[in-house]
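Hi there,

Here is the structure I promised to pass on to you. Please open it and keep it beside you as you read.

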Amino acid sequence: MIFLFLAFFQRLFIKSPSTSQTKLGEIEKRSIKMASWNSIPLEISYEIVGWIAFASWSISFYPQLILNFRRKSVVGLNFDFVMLNLTKHSSYMIYNVCLYFSPVIQKQYFDTYGDKEMIPVAANDVAFSIHAVVMTALTLFQIFIYERGPQKVSRLAIGIVVVVWAFAAICFFIALPTHSWLWLISIFNSIQVFMTCVKYIPQAKMNFTRKSTVGWSIGNILLDFTGGLANYLQMVIQSIDQNSWKNFYGNIGKTLLSLISIFFDILFMFQHYVLYPEKKASKSLETGEESNEPLIDSSHEHV
């Protein structure tokens, strides 16, 4: 799989000299017509809001990492969520990096949506997605080294991950003969939307089953909620400036990413603050203090 995607990136970014000169010439001509900002205040607002989204989403990984480190335990964190989340962020990173850096894909984007449209991927999107892959991988590493109880990654989650990457590999070979790279990265964008829809479900179900959110950091959710709102606002600002809403369906993945994240964040906040408010013993766990109260009621062990 690794060699497959190395070949994919080579096709996008490393070309023969004659092909490169022709492609770059076409891109230069198109760049003259490419849309620019009409309002400097809106452009500044776009950048500020974008980096707020980047900061919120990026920092959101740390509360869970710190909580796991303090407790030396990942009990309460659903492993399926982490596994699915890694696939989600990896596919999102592929989409952002390719569309932001590849002139070939940018040309195909302009051919599809028009020369006057702006690329719907900002620098903060690229930075966030790369950072997200690294942080999620670190969380996965913590699962291997810390106390995890009887929990394992489910066969269903493993099956979903295998099927998704096998599907991506098939799409690569379909796109290869015609160089349909925009279509291919749109597949990765669709994958990340699908994974966003399913990745939260195991954790929400686990919280409901345990009637507790202990071990699942609420700081992660609050920051993720802030990032989702800022990300959606960034797209609104760009649409207002361009007097066009094409960037919403030109990058449907970014739009759905924000809305789905906001929905599940509200659900988790409802679980944490309303359905299963923390007890004093639960709070001591999140601060790293020892407690004799078990995470799971022992009366359920015999059921």
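Below is what I found in it, starting with a few notes on the numbers.

This is a predicted model, in which local features need pLDDT of at least 70 and side-chain atom pairs count only at pLDDT 80 or more, while totals for chains, interfaces and linings use all residues. Residues are numbered from 1 along each chain as its sequence is written, and side-chain values use heavy atoms, with hydrogens and water left out.

Let's begin with the cores. A nonpolar core is a set of buried Ala, Val, Leu, Ile, Met, Phe, Trp, Tyr and Cys residues joined through side-chain atoms within 4.5 Å, where buried means under 20% relative accessible area with a 1.4 Å probe, protein chains only. The largest one has 30 residues, and Leu99, Trp181 and Phe188 are among those with the most contacts inside it. Helices H5, H6, H8 and H9 each give two or more residues to this core (helices are DSSP runs of H or I, at least four residues, numbered from the N terminus). H9 gives the most, with nine residues. A second, separate core has 18 residues, including Leu140 and Ile260.

Now look at H8 and H9. They pack at an angle of about 170°, with axes 9 Å apart (axes are lines fitted to C-alpha atoms over the stretch in contact, and angles run from 0 to 180 degrees between N-to-C directions). H8 is therefore roughly antiparallel to H9, a label for angles over 145 degrees.

Enjoy exploring!

Definitions and conventions:
Buried < 20%, exposed > 50% of the residue type's maximum accessible area, 1.4 Å probe, protein only. Parallel < 35°, antiparallel > 145°, perpendicular 65-115°, else oblique.
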